[in-house]
Every structure is written in structure tokens, then in C-alpha cells.
Amino acid sequence: MTTTTKKKLADTTESKAKAAQANAKNTGKDTVINGTETVENMMKSSMDAATKGYEQAFSFSQAQAEKVMDTLYKQCESAAELNKESAELAAKSGNSISEGYQKLNSMFMGMAQDAMKKNFAVAEAFLGAKDFNEVTDIQSSYARESFDAMVKNGNELTTLTTKLTTEAVEPVRKQVSEAVEKMTKAAA
């Protein structure tokens with residue numbers, strides 16, 4: 001082969017390589033452009049779907065909110081009717097609680113006075129004791145009496161507290177049951 005032929009062959013190979021390189025650049029640009037368009041189309045479809053979903057959810061939520069508001073309005077009307085009864089009931093219950101507190105306070109004061117009297121009596125007995133055996137007898141007697149008083153006072157407190165709680169809560173419980181029943185009927 002001649003030098004000219006070799007040169008032409010090299011030029012042809014080189015131009016083919018340049019053409020292939022240019023073609024590859026164009027293909028890469030086309031791929032990027034096509035990929036960008038695909039992503040843009042996907043984003044647009046997603047946004048459209050999200051917008052539709054939002055609109056449907058909003059419509060559904062608005063309808064549900066209207067139903068809830070209607071129900072609440074009916075219940076508020078029922079509650080307003082019960083308001084006067086509730087105020088009277090609250091005053092009655094408050095008076096009952098106040099009276100119960102006074103009874104409990106009196107009971108505690110009586111217990112405290114009895115305990116102080118017993119403590120002074122035991123202190124005097126200790127001072128008048130002649131020997132250690134007499135001190136232990138006084139202490140044993142005091143412990144037994146204190147335990148018996150604690151059990152007695154505990155029973156009295158339990159009985160009084162239960163009675164007072166029942167008196168204060170029963171009218172409220174009854175009123176609440178009636179109010180719930182009325183509201184349930186109004187909602188139906």
C-alpha cells in the first residue's frame with residue numbers, strides 16, 4: 001500500500017471516529033432530553049393525581065364536617081335545655097359536699113382532741129410509774145387502746161365518707177344519665 005492510500009485510510013478512520021463521537025454526543029443529548037421530558041411528564045401526572053385526591057378528600061371532609069356540625073348543633077340545643085337543671089343540681093351537690101366536709105372536719109377535730117387527752121394521760125402515767133414493768137404495762141395498754149381507736153375511727157370515717165360521696169354523686173350520676181339519653185335521642 002502506498003502512503004497516499006494509507007493516509008486516506010487513516011483520514012477515513014479518523015473521520016469515522018469523529019462522526020461516531022459526534023453521533024454519541026447527539027445520542028447522549030437526546031437521551032438526556034428524553035429523560036427530562038419523561039421525568040417532567042411523571043411529575044405532572046403525579047401532581048394531577050395528587051390534586052384530584054386532595055379535591056376528593058376535601059369534598060368528603062367538608063360533607064363529614066357538615067354532618068358533625070348538625071349533630072353538635074342538635075346536642076348543644078339539648079344541652080342548653082338541661083343547663084338550668086344542671087345549675088340547680090350543681091348547687092345541691094355543692095351544698096351536700098359542704099355539709100359533708102363540715103361533718104368530716106368535726107369528726108377529725110374530735111379524734112384529735114381524744115388523742116391529745118390520751119397522750120397527756122399516758123405521759124402523766126409514765127411520770128408516776130414506779131418501775132420499768134409498770135412503764136411497759138402503760139405502753140402496752142396505750143398501744144392497744146390506740147389501735148382500737150384507730151380501727152373504730154377508720155370505720156366511722158369510711159362509713160361517713162361513703163355516705164357523703166353517695167349523697168353528692170348520685171344526683172349528678174342520675175342527671176348525666178338522663179342527659180346522655182336525651183342527647184342520644186336527639187342525635188338519632
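Is Glu156 buried or exposed, or partly exposed? Glu156 is partly exposed, with a relative accessible area of 30%. Buried means under 20% relative accessible area, exposed means over 50%, and partly exposed lies in between, with a 1.4 Å probe and protein chains only.

The model is predicted, so local features need pLDDT of at least 70, side-chain atom pairs count only at pLDDT 80 or more, and totals for chains, interfaces and linings use all residues. Residues are numbered from 1 along each chain as its sequence is written, and side-chain values use heavy atoms, leaving out hydrogens and water.

Start with the whole chain. The protein chain has two helices and zero strands. Both kinds of element are DSSP runs numbered from the N terminus: helices are H or I with at least four residues, strands are E with at least two. Of the 188 residues in the protein chain, 10% are buried. The chain exposes about 15100 Å², and carbon and sulfur atoms supply 61% of that area. Accessible areas come from the Shrake-Rupley method with a 1.4 Å probe; for residues, only the protein chains shown count as cover.

Now look at contacts, meaning heavy atoms within 4.5 Å. Take those in the protein chain between residues at least 6 apart in sequence: 78% join residues at least 24 apart.

Next, the charged pairs. Side chains of opposite charge can pair when their charged atoms come close. A salt bridge is a side-chain nitrogen of Lys or Arg within 4 Å of a carboxyl oxygen of Asp or Glu. By this rule there are three salt bridges.

Glu156 belongs to one of them. Its side chain meets that of Lys152, at 3.7 Å from N to O. Lys152 and Glu156 are separated by about one helical turn, because they are four residues apart in helix H2.

Lys163 and Glu167 form another salt bridge, with their closest N and O atoms 3.9 Å apart. This pair is also four residues apart in helix H2, so about one helical turn separates Lys163 from Glu167. Lys163 is partly exposed at 44% relative accessibility, and Glu167 is partly exposed at 38%.

Arg173 and Glu170 meet in a salt bridge at 2.6 Å, N to O. They lie three residues apart in helix H2, about one turn of the helix. Arg173 is partly exposed at 45%, as is Glu170 at 36%.

Finally, turn to Phe147, found in helix H2 (residues 132-187). Phe147, Met150 and Val151 make a nonpolar surface patch of about 300 Å². Patch residues have over 30% relative accessible area and no salt bridge; like charges are joined within 9 Å, and nonpolar side chains (Val, Leu, Ile, Met, Phe, Trp, Tyr) within 5 Å.
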